[in-house]
Amino acid sequence: MDATGETSSGLFQDRDVKLPGMSEEDVEELKAAIETGNLSEAAQKAQEALELSKNTELNIAITGESGSGKSSFVNAMLGLADDDEGAAEVGITEMTTEPTAYLHPMLSNVKMWDLPGIGTPTFRPDSYLQQVSFARYDFFIIVTSKRFRSCNADLAQEIQKMGKKFYFVRAKVDEDLRNERRKRNFDRESTLQTIRDDCVDRLRREGVNSPQVFLISRWEFDQYDFPQLQETLANELASHKRHVFLLALPNISRPILDMKKEALKREIWKRALKSCAIAAVPIPHLSVSCDVDILVESMTEYCKVFGLDEESLIKLSKQVRKPVSQLKDVIKTPLAKEISGEDALELLSKVTGTICSFFNAPFPFRIPGFSLCEVIGDSMINIKKYISLVPVYGTLLAAEISFQATYNALHSFLEGVAEDANRVLTEALEVAEKKSV
């Protein structure tokens, strides 16, 4: 039974659910959620799933020898400059004496842990892991700025024994390239491959099987292997951890932007189901008002995830040394803080044609002499107000309209935001390439 006392199991059953970006798996999950009970219950389960994915804790441990660039790596992963508020302290001497957590600037449930340095004469991997509370972390990143030594391999093997994953990062490769560039026969790619092969060979000799080594530079974080490191970490995490990790990643590569878009796209139906449940309550203005709230909240979140908010754009402009106004010039969607109820209503109006087409197909009832869209006109809001007053079928039909409208609106906005993020990245990378020439 739904909120009106009617069963919701017939919702979406008499026609194929065909929504942009919605996989067959998502459609089946949606139908299963509705069939298990009333709309309110299904929407509540969807909301709980959204909250779980949003609030899941992720703890990433960054370790390595003193002076290897651990703290700078932490800051780069968080999208912070070394002198930003909340950044890990960076210095020429070891600054970390105990595990220190640094929160993601927008996702407080994501923590980067800067661990004390390894490689001292008294270092023992087993006692070190106990000292830093090993069980707390989801995975480890072992950083070095020179050759990997036995202490790195010993720590990796101890981590492996305890059932956790680890990844090797060779930092400061920009310095190596700068030094090698003085040679007559310098070749950038062959130099990088030599560094990578040397790291892998040394780790294998120390007993590490199939080591994964990623070459990075703190100051050129969009280059070298950092994008591949991001993708590898995301792909190897459990699904609920993967989602929050993807949202926390800096927007420095197109594959990461695409992965973020797909992760958010997979959750649109859960957001739309909340709208669907509210529309089943026969109070016309309530549904429209809640749709607007759902859209504003989701649109704002999408902008922040893709770095299309004022704070993120200012940080990016400083990094690429370009006026923030020039980055904003390529953005077509509203910025996060500028999104209003009017923007949400405008977005709803744009999907009206899709919904009208949907309801020109056969559905459970007809009004003699009229098509639904002829009666209602072009306004999605009026459609929802009108149909909710039709007895018996009205509330279920209003629920279906709400789902379709909210889903299509969010899908359309997400596509636009992702395109804007790609345009901003292109603009920023063009500046970075000019600086490096």
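Reader: What makes Lys161 count as exposed?
Author: Lys161 has 67% relative accessibility. Exposed means over 50% relative accessible area, buried under 20%, and partly exposed in between (1.4 Å probe, protein chains only). So 67% puts Lys161 in the exposed class.

Reader: Where do these values come from?
Author: This is a predicted model, where local features need pLDDT of at least 70 and side-chain atom pairs count only at pLDDT 80 or more, while totals for chains, interfaces and linings use all residues. Residues are numbered from 1 along each chain as its sequence is written, and side-chain values use heavy atoms, with hydrogens and water left out.

Reader: Why is the contact between Glu158 and Lys161 called a salt bridge?
Author: A salt bridge needs a side-chain nitrogen of Lys or Arg within 4 Å of a carboxyl oxygen of Asp or Glu. The closest N and O atoms of this pair are 3.8 Å apart, so the pair qualifies. By this rule the count comes to 18 salt bridges.

Reader: Is Glu158 buried or exposed, and how do you know?
Author: Glu158 is buried, because its relative accessibility is 15%, under the cut-off of 20%.

Reader: What makes Arg271 and Glu301 a salt bridge?
Author: Their N to O distance is 3.1 Å. Arg271 lies in helix H11 and Glu301 in helix H12, so the bridge ties together parts 30 residues apart in sequence. Helices here are DSSP runs of H or I with at least four residues, strands are runs of E with at least two, and both are numbered from the N terminus.

Reader: Why is the pair of Tyr137 and Phe140 called edge-to-face?
Author: Rings of Phe, Tyr and Trp (its six-membered ring) pair if their centres lie within 6.5 Å; planes under 30 degrees apart are stacked, over 60 edge-to-face, the rest tilted. Here the centres are 5.5 Å apart and the planes stand at 75°. So both tests are passed.

Reader: How do you know that the charged end of Lys164 sits over the ring of Phe134?
Author: The rule asks for NZ of Lys or CZ of Arg within 6 Å of the ring centre and within 35 degrees of the ring normal. Lys164 meets this rule, with its charged end 4.7 Å from the centre of the Phe134 ring.
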